[in-house]
Amino acid sequence: MPDDFPLKSRRQFLKGAGIAGLATTFAGAHAVASNPGTKPGRKPKAKNLIFLVVDGMSVGTMGLAHHWHLRNRKKALNWTQLYAHPGLRRCVQDTASNNSPVTDSAAAASAWGCGQRVNNAALNMDPGGKPCTPIFARAKIAGMRTGLVSTCRISHATPAGFVANVASRADEDAIVDQYLSRQVDVLLGGGAKHFQRTKAGAAGTDYFKAFEQAGYTLVRNRDQLLRLPRADKRLLGVFSADHIPYAIDRRNDDSLAQIPDLPAMFAASLQQLQGSKDGFILQVEGGRVDHAGHSNDAGTILHEQLEFDACIPLALEFIEKNPDTMLIVTTDHGTGGCQLDGLGHQYLESGPALETINRIRHSFEWIEKRFLAAEKIDPNIVTHATGIVPSDEQVAAMQVALDDSDRWRFLADFTRIFGSELTGISSVGWSSQNHTAENVELLAFGPGSEQIPAFIRNYELFGIMTDALRI
Ligand SMILES: [Zn+2]
């Protein structure tokens, strides 16, 4: 099987969607008028595009990680160092969706992925229900290779936003179908449950087999990923049944040692894609900053952000060696409104909180899983995971909440019972457990980035990227 994309047209690409009528819908339509399209003899400004995205990074999450890093590592975050990098293009991004000033990840990724604002929960389907052409379709037609890397299920909304057309982001089985039929070259992340199914899809129930039959190399753990030779083959790496466990849990739980971190997956994807004669587009998502924001989980969000930050030097090294690469670093929206708050008299307790936060060894998700499995509150787990030594009253209150399975809401109960201790440990406050409408940072480098204005609406980025790539 040839490695280069064999499809010749958008019609053929969309045929792979498995959505009735999709191919014919697109037979004569061009979803985005502002794009110049591929013209013979027109040289791309950018050969490659690397798109690094933190999902759900509130401005305050960056502030928390920035100050933690200065205090604990005695130097600036890699992201902060980017502001001094020559050739930086910096702008502020408005992240709304078609039907709300507060976007979800599906609509946000679709805005980048097809140049239109769609409704929340939709992936590259316009508000009238018509599919839009995703950026990977254009890339494939131009002979480029494509890749998606995420700490979420790889079929989650943000990676899917560059490839898929589905009415609902929840239809992740259909998204995997489309990854296969649309031949995304590199897929690395979590979400095995959508590859090994109870209900049969177009390729049966074992999609790992179907991907292998389609020429993909399959890897299922960290050692296999690190041992991969440099090659131009298609690659599927799925390392957990659901999302990839949080960075803070992987650091402190040996049973998770065979799950790769985001920088390892990023490096492996670059290794597979960099030989592409006609370039590549690679999206890399630090997907679970968003989840830790939804959970208002300060220790966890910090380590998710730090893991994403470790990808930045890899990207810089690549663009230094390959100056024909456009690099974008951004987030799709804020989540939780995370902030390092002033704490104590004259806020003098906020600085030390950047060290006491290091007592936290596990995520709320990790704690909750153990309580649910044991159906019993173990105070030692709370102490091991957070450094809090619960009182007998606190243990009893947690046990009552756990026993009342109809209303067991771990997060609400945990923060109700340990709220003041958690604030004392982290000094982190939250505006909600939801997404926010805040304007967010967008940094860009390389050819095409000069076209990015100081203020950009998320859907406007699509035309700039496709223009730079001449696709
Ligand atoms: Zn979210």
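**Exercise 1. Is asparagine 296 buried or exposed?**

The structure is a predicted model, in which local features need pLDDT of at least 70, side-chain atom pairs count only at pLDDT 80 or more, and totals for chains, interfaces and linings use all residues. Residues are numbered from 1 along each chain as its sequence is written.

*Solution.*
1. Asparagine 296 lies in the loop between helix 13 (289–294) and helix 14 (298–309); helices (H or I, at least four residues) and strands (E, at least two) are DSSP runs numbered from the N terminus.
2. Its phi is positive, about 55°, although the residue is not a glycine.
3. Asparagine 296 has 24 other C-beta atoms within 10 Å and is therefore buried (buried: 20 or more such atoms within 10 Å; exposed: 12 or fewer; partly exposed: in between; C-beta atoms placed from the backbone).

**Exercise 2. Classify glutamine 346 by the C-beta criterion**.

*Solution.*
1. Glutamine 346 is found in the loop between strand 12 (339–340) and helix 16 (350–356).
2. Glutamine 346, not a glycine, has a positive phi of about 55°.
3. Glutamine 346 counts as exposed because it has 7 C-beta neighbours inside 10 Å.

**Exercise 3. Describe the packing of helix 17 and helix 18**.

*Solution.*
1. The axes of helix 17 (residues 364–374) and helix 18 (residues 379–386) come within 10 Å and cross at roughly 165° (axes are lines fitted to C-alpha atoms over the stretch in contact; angles run from 0 to 180 degrees between N-to-C directions).
2. Helix 17 is therefore roughly antiparallel to helix 18 (angles over 145 degrees).
3. The contact involves Trp366, Ile367 and Arg370 of helix 17, with Ile381, Val382 and Ala385 of helix 18 (C-beta atoms, placed from the backbone, within 7 Å).

Definitions and conventions: Angles under 35 degrees count as roughly parallel, over 145 as roughly antiparallel, 65 to 115 as roughly perpendicular and the rest as oblique. Two residues are in contact if their C-beta atoms, placed from the backbone, lie within 7 Å.
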